[in-house]
Amino acid sequence: MSIPSFVIGIAGGTGAGKTTVARLVTENVGESVTRIPLDNYYEDLSHLDIEEREEVNYDHPSAFEWELLREHLRELLEGRAVDMPQYDFELHNRKDETVRVEPTDVIVLEGILALYDEAVNDMLDLRLYVETDADVRILRRIQRDVIDRGRDLEGVIDQYLSTVKPMHEQFIEPSKKHADLIIPEGANSVAVELLEEKIQAEANGGETRTWERLDAEGDAKDVNDVKGVAGPGGLTDDEN
Ligand SMILES: Nc1ncnc2c1ncn2[C@@H]1O[C@H](COP(=O)(O)OP(=O)(O)O)[C@@H](O)[C@H]1O
Ligand SMILES: O=c1ccn([C@@H]2O[C@H](COP(=O)(O)O)[C@@H](O)[C@H]2O)c(=O)[nH]1
């Protein structure tokens with residue numbers, strides 16, 4: 001068991017390539033990385049029947065149980081294991097079982113609103129936003145939802161126009177302003193290689209450097225010492 005030293009958030013629209021990036025940057029790191037899909041923190045909707053659950057807006061921040069996510073991140077950061085909920089996309093609900101997650105050197109939180117919540121953002125050492133054109137994303141989503149998530153084409157299109165697209169514009173896209181780095185086109189090989197190197201270094205004990213995150217005025221915010229990566233304008237290295 002270890003105290004996590006580097007927490008990464010990967011946000012972006014549906015189909016942008018978040019899961020792919022999270023998988024690629026961590027697949028060679030072995031057991032020192034824990035991946036936390038934000039989808040596992042959708043609210044428990046067991047009190048609704050399936051028809052009612054089909055009508056829920058799953059792209060609005062209120063669909064997520066933020067307090068549980070914050071608590072789990074805090075627990076992991078303090079070196080304690082958590083029981084992470086699991087999600088069933090076909091039933092639109094939490095599964096009965098949970099998965100025991102042990103704290104590891106590196107934690108990767110990945111999901112449409114991974115950069116939305118202020119308290120969560122404060123726990124992230126590196127914030128990434130995966131940016132892919134909307135037409136590419138909807139094509140990927142149609143393919144995935146029909147093949148893997150048991151949906152029909154008409155349902156996917158209706159949901160996209162009624163909630164997915166407007167919520168993307170209202171909440172997900174604006175969360176990009178919290179990102180340290182923006183990754184174009186999902187599994188962008190240059191970005192993936194750079195991130196993989198960084199994560200491997202962190203997982204292997206990494207060189208400790210102290211970074212300060214700047215606030216909007218350019219003043220250093222009061223943050224804990226973290227092991228960091230330089231992003232555009234967002235971080236300063238006070239060793240320099
Ligand atoms: N750069 C890329 N080029 C081609 N296909 C990609 C790329 N990045 C992701 N994909 C594919 O797009 C689909 C959606 O990617 P995924 O990572 O699941 O997106 P998200 O987690 O953001 O919803 C997957 O089938 C994945 O293989
Ligand atoms: O029950 C559910 C829960 C979520 N969704 C959709 O999933 C995506 C988020 O997952 P990505 O892997 O990032 O695409 C979100 O846009 C929700 O609309 C769902 O359809 N049903």
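This is a predicted model: local features need pLDDT of at least 70, side-chain atom pairs count only at pLDDT 80 or more; totals for chains, interfaces and linings use all residues.

Me: Which residues come nearest to ligand 1?

Reply: The shell around ligand 1 has 13 residues. By type they split into 7 polar, 4 charged and 2 nonpolar. The ones that come nearest are G17, K18, T19, T20 and G186.

Me: Which helix gives the largest share of that shell around ligand 1?

Reply: Two helices each supply at least two residues of the shell, α1 (18-26) and α5 (134-147). The largest share is 3 residues, and the helix that provides it is α1.

Me: Is A16 buried or exposed?

Reply: A16 sits in the loop between β1 (6-12) and α1. Setting aside residues up to four places away in sequence, A16 touches V130, E131, T132, R137 and G186. The cut-off for burial is 20 or more C-beta atoms within 10 Å. A16 has 28 such neighbours, so it counts as buried.

Me: And K18, buried or exposed?

Reply: K18 is part of helix α1. Beyond four places in sequence, K18 contacts I10, G12, E110, G111 and V130. Because K18 has 27 C-beta neighbours inside 10 Å, it counts as buried.

Me: Over at the β3 and β4 hairpin, which residue in the turn has a positive phi?

Reply: Strands β3 (residues 82-88) and β4 (residues 93-101) run antiparallel and are joined by 6 bridges. Within that pairing, M84 has V99 in β4 as its bridge partner. The hairpin leaves 4 residues between the strands, and the turn residue with a positive phi, about 50°, is H92.

Me: Where in the chain is confidence lowest?

Reply: Mean pLDDT for the chain is 87, with 85% of its residues at 70 or more. Helix α4 (residues 118-123) has the highest confidence, at 98. At the other end, with a mean of 34, is strand β9 (residues 235-237).

Note on methods. Residues are numbered from 1 along each chain as its sequence is written. Chains are lettered from A and ligands numbered from 1 in the order in which they are written. A residue is near a molecule or strand if its C-beta atom, placed from the backbone, lies within 6 Å of it. Ala, Val, Leu, Ile, Met, Phe, Trp, Tyr, Cys and Pro count as nonpolar, Asp, Glu, Lys and Arg as charged, and the others, Gly among them, as polar. A residue is buried if 20 or more other C-beta atoms lie within 10 Å of its own, exposed if 12 or fewer, and partly exposed in between; C-beta atoms are placed from the backbone. Two residues are in contact if their C-beta atoms, placed from the backbone, lie within 7 Å. pLDDT is the predictor's confidence in each residue, from 0 to 100. Two strands pair if DSSP finds at least two bridges between them.
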